[in-house]
Structures are given as structure tokens and as C-alpha cells.
Amino acid sequence: MTAQLNPRGDVAVLVPAAGAGVRLGPGGPKALRLLGGEPLLVHVVRRVATAPSVHTVVVAAPATEVDAVRQLLTPVAPVLVVAGGAERQASVANALAAVPSGPDIVLVHDAARALTPPALVEAVAAAVRAGHDAVIPVLPVSDTIKRVDAAGVVLTTVDRSALRAVQTPQGFRRGVLAAAHAAAGDPLTDDAGLVEQQGVPVFCVPGSEYALKVTRPFDLTLAEHLLAAGH
Ligand code: C5P
């Protein structure tokens, strides 16, 4: 079976799914936790695979779960599955190395953002296609944000109008992401951070509430409700 979706698509989506997910409590890799009876990773891959620009999806699975993840995803969509690394950044690098020639746009998308609408995948890809080398989906911050010291005493109140919460998928011109990973130092929590370190401007597009990251038990409960409501 070919691991190709739309042969005329110009987008590869990398899904780092090799995290342990300790913040959701015991019970195995987070990407394989159930949401509405199916693993988070299945929800993510199903949605990404319906985005019309997507040529290839590469999933980085826990090294011990590569065969199981391949079997899990075979009925969902044609995807490549590779072993992830000890850090998210290494998992992304492994997935990037597996992208076949063809797609010039690479999106990196956390498996934990199970309900991300395919339209957000397309919006990020479109902004890269329009000429931005690096694109991130963002939401405004609604809570007041304060900087505090180790003793829990407030140091300053931050101007929240200039702050954004950053989601995935993050999109890149393929060569820009490859160069940033090749030059990467200490692991960062997102790929745009690596690109920023290379001096590449990162462009923001509107994110989606539905692209929430399922990190804590509360997020899973919220995601269950959203899924039941048809999202
Ligand atoms: O741990 P965190 O929630 O920041 O993980 C974000 C994403 O990176 C998740 O989809 C997780 O599976 C993935 N990850 C990975 N390899 C690691 C650590 C995290 O693919 N070693």
C-alpha cells in the first residue's frame, strides 16, 4: 500500500505522537488514550487526512509501539509510521527524515490536538503557500497573566494584548524546517521556536478553540463533550 493521500497535494503533515503523557496520569502513551472510544491519534489522523492539500502524513510513534500504531492507523488513512525519539524535537526530526520527495510545505501537528478541524490545516498551509516561511495558529489570551517569583509573589502584570497562545499545526517551507532542525540545540517545545532561532519571521494566523491540546484529565472531559456534540 502506498502511504500517499492526494498525489497532487503539496503538504506533508508530521504528527509527533511518541510522548509518555504523564500529565494525563498512568495508562500508556498519551496519543493512544481513548477519546469517544478511539485513540487521540486516530482522531487526529482522520481529520488531517481529509484536508485536501495533504499528500503525506508521517506519525512518530513510541519506539515500542511502531507496529501497533501502523496496524491501528491502516484502516484510518494511508500514513507512514516511524519511531519517535526521547524528546518531541527528536520525534519531529525522525518524521521529517521520512517525508518523500514532493511536498514543499511541512506541517507539524501534535497528536494531542485530537479535534483540530481540517480547515485549520488548510489555513496554515495556505499561508505558507502565500509566501510565509513559517506560520503558527494562535489565539488571544483571555486570562490576565502575571509573572510571579518562586515564593508565589507577583512581580509584574504582563500586557496581555501582545500575548498569544500558540497551537498546532505549525507550517513551514520544507527547507526552512529542515535547516532549523539541522541547526537545533537544546530541545524546544515547538518547531516555530527553532525557526525563530534561525532569524526567520514567524507569521500568525487565527487558531481554533477546537484545536485544544488534550493534556490534563479536564481537557479529555471537554474533548469528550465536543466530540459528542459533533466536532
Ligand atoms: O508532552 P507534550 O504534550 O508537550 O507533547 C506534545 C506532542 O509531542 C504530543 O503529541 C506528544 O506525543 C509528542 N511527543 C513526541 N515525542 C516525545 C515527546 C512528545 O512525539 N519524546
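Which side chain has an N or O atom 2.7 Å from a nitrogen atom of the ligand? The side chain belongs to Ser91.

## Before we start

This is a predicted model, where local features need pLDDT of at least 70 and side-chain atom pairs count only at pLDDT 80 or more, while totals for chains, interfaces and linings use all residues. Residues are numbered from 1 along each chain as its sequence is written, and side-chain values use heavy atoms, with hydrogens and water left out.

## Around the ligand

An N or O atom in the side chain of Lys30 sits 2.8 Å from an oxygen atom of the ligand. Ala17 uses its backbone instead, with a polar atom 3.2 Å from a ligand oxygen. On its own, the ligand exposes 460 Å², and the protein buries 85% of that. Those areas come from the Shrake-Rupley method with a 1.4 Å probe; for residues, only the protein chains shown count as cover.

## The nonpolar cores

The largest nonpolar core has 43 residues, and the ones that touch the most other members are Val15, Leu41, Val54, Val59, Leu73, Val81 and Leu107. (A nonpolar core is a set of buried Ala, Val, Leu, Ile, Met, Phe, Trp, Tyr and Cys residues joined through side-chain atoms within 4.5 Å.) Several elements each supply at least two residues of this core, including strand 1 (11–16), strand 4 (54–61), helix 2 (66–73) and helix 7 (217–228). Helix 1 gives the most, with seven residues. Helices (H or I, at least four residues) and strands (E, at least two) are DSSP runs, numbered from the N terminus.

In soluble globular proteins, nonpolar side chains tend to be buried together. Helix 1 is mostly covered, with nine of its ten residues buried; among them are Leu40, His43, Arg47 and Ala49. Buried means under 20% relative accessible area, exposed over 50%, and partly exposed in between (1.4 Å probe, protein chains only). Leu73 is in contact with Leu41, Val42, Val45, Val59, Val79 and Val81, leaving aside its neighbours within four places in sequence. Contact here means heavy atoms within 4.5 Å.

Thr168 is found in the loop between strand 10 (164–166) and strand 11 (170–173). Thr168 counts as buried because its relative accessibility is 4%. Its side chain has a polar contact of 2.7 Å with the side chain of His109, and a polar atom of that Thr168 side chain lies 3.1 Å from the backbone nitrogen of Asp110. A polar contact is a pair of N or O atoms within 3.5 Å; within protein, one must be able to donate a hydrogen and the other to accept it, and residues adjacent in sequence count only if both atoms are side-chain atoms.

Most residues other than glycine have a negative phi, and most peptide bonds are trans. Thr168 and Pro169, though, are joined by a cis peptide bond, with omega about 10°.

His181 is in helix 5 (residues 174–182), and it counts as buried because its relative accessibility is 13%. Its side chain is joined to that of Asp191 by a polar contact of 3.0 Å. Thr56 lies in strand 4 and, at 1% relative accessibility, is buried too. The side chains of Thr56 and His55 make a polar contact of 2.6 Å.

And Ala63: buried or exposed? Ala63 is exposed, because its relative accessible area is 59%. You'll find Ala63 in the loop between strand 4 and helix 2.
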